[in-house]
Amino acid sequence: MSQQIELKYNISADDFTRAGEASSDVKSKLKQMGVSPESVRKVAIAMYEGEINMVIHAHGGEIKVTISPEEILMVLKDKGPGIPDIDLAMQAGYSTAPDKVRSLGFGAGMGLPNMKKYSDEMNIETELGIGTTVTMSVKLQ
Amino acid sequence: MTVRELLEKNIFKLVNEGENTGREISVPYCCDLLSIAMGKAPSGAAWVTVMANINTLAVAALTEVACIILAEGVLPDEQTVNKAKEQGITLLAAEEPVFETSLQVYNLLNA
């Protein structure tokens, strides 16, 4: 891996049958590149949670993944409603997911906490009515 | 015990035989909330759950569990079975509740 590789994915709103496909694709690419299983797992979990959040809350969006020798950088950008209280949203167990989503096994309020736990750095920029951009990185060295 | 050895015991109904049947089963793992399972399911686990939808398969693929066992007589819809085939994930079904199903796996692992 001598140079950067960029991957881009469009995430559709409310499409639970395709949710996870972008994370799966990144996971298999990282495996092929010989990234350590532990780092692959961290990226896969952090990105899947982000992807699911975009499907549930944000009318979909776009994920950009940049793979370099030093880190995997994930930028998840949506034009959703924004997060009114980030501290509250970060609390394990706090969820605003609708019943429809809970019946699928989501909505445990673990999305953002899992993203924070499995990435080495996470930053959330959000504006109500405009959208949210979550940036996460997993360090490779 | 490998996934293949578990299949050969014939105690659970086989819904889909995956590509990974040579894998060692590390531990039974029970959880129905996908967002918890996503963060906690151990790699190589036999994941026992009543949540049988397409997202269960996505979580199984990402966490690299060895197989999924659906408990309580729950059966997946066609879309979910197709996804299991596509992703090469072993999918089993049991009539017993989650605890009893996991206990059977636990006993086999510790026999």
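Student: How many residues of chain A are in contact with chain B?

Tutor: Contact means heavy atoms within 4.5 Å. In this predicted model, 23 residues of chain A touch 23 residues of chain B. Residue numbers start from 1 along each chain as its sequence is written, while chains are lettered from A and ligands numbered from 1 in the order of writing. Local features need pLDDT of at least 70 and side-chain atom pairs pLDDT 80 or more, whereas totals for chains, interfaces and linings use all residues; side-chain values rest on heavy atoms, without hydrogens and water.

Student: What area do chain A and chain B bury between them?

Tutor: Interface size is often given as the accessible area lost when the parts come together. Buried area is that loss (1.4 Å probe), summed over both parts. Here chain A and chain B bury about 1,800 Å², with 52% of it on carbon and sulfur atoms.

Student: How many salt bridges are counted between chain A and chain B?

Tutor: A salt bridge places a side-chain nitrogen of Lys or Arg within 4 Å of a carboxyl oxygen of Asp or Glu. Three are counted between chain A and chain B. Lys31(A) and Glu64(B) form a salt bridge through their side chains, at 2.8 Å from N to O.

Student: Which helices of chain A each supply at least two residues of the side that touches chain B?

Tutor: Helices are DSSP runs of H or I with at least four residues, and strands are runs of E with at least two, numbered from the N terminus. Helix 1 (21–32), helix 2 (37–57) and helix 5 (111–118) of chain A each supply at least two such residues.

Student: Why is helix 5 of chain A described as largely enclosed?

Tutor: Buried means under 20% relative accessible area, exposed over 50%, and partly exposed in between (1.4 Å probe, protein chains only). Because six of the eight residues of helix 5 of chain A are buried, the rest of the structure largely encloses this helix. Among those buried are Leu112(A), Met115(A) and Tyr118(A). The buried residues pack against helix 2, helix 3 (86–90), strand 4 (121–127) and strand 5 of chain A, and also against helix 2 (34–40) of chain B.

Student: Where does His59(A) lie, and is His59(A) buried or exposed?

Tutor: His59(A) sits in the loop between helix 2 and strand 2 (61–67) of chain A. His59(A) is exposed, at 60% relative accessibility. Its phi is positive, about 55°, although His59(A) is not a glycine.

Technical notes:
Buried area is the accessible area (1.4 Å probe) that two parts lose on being put together, summed over both.
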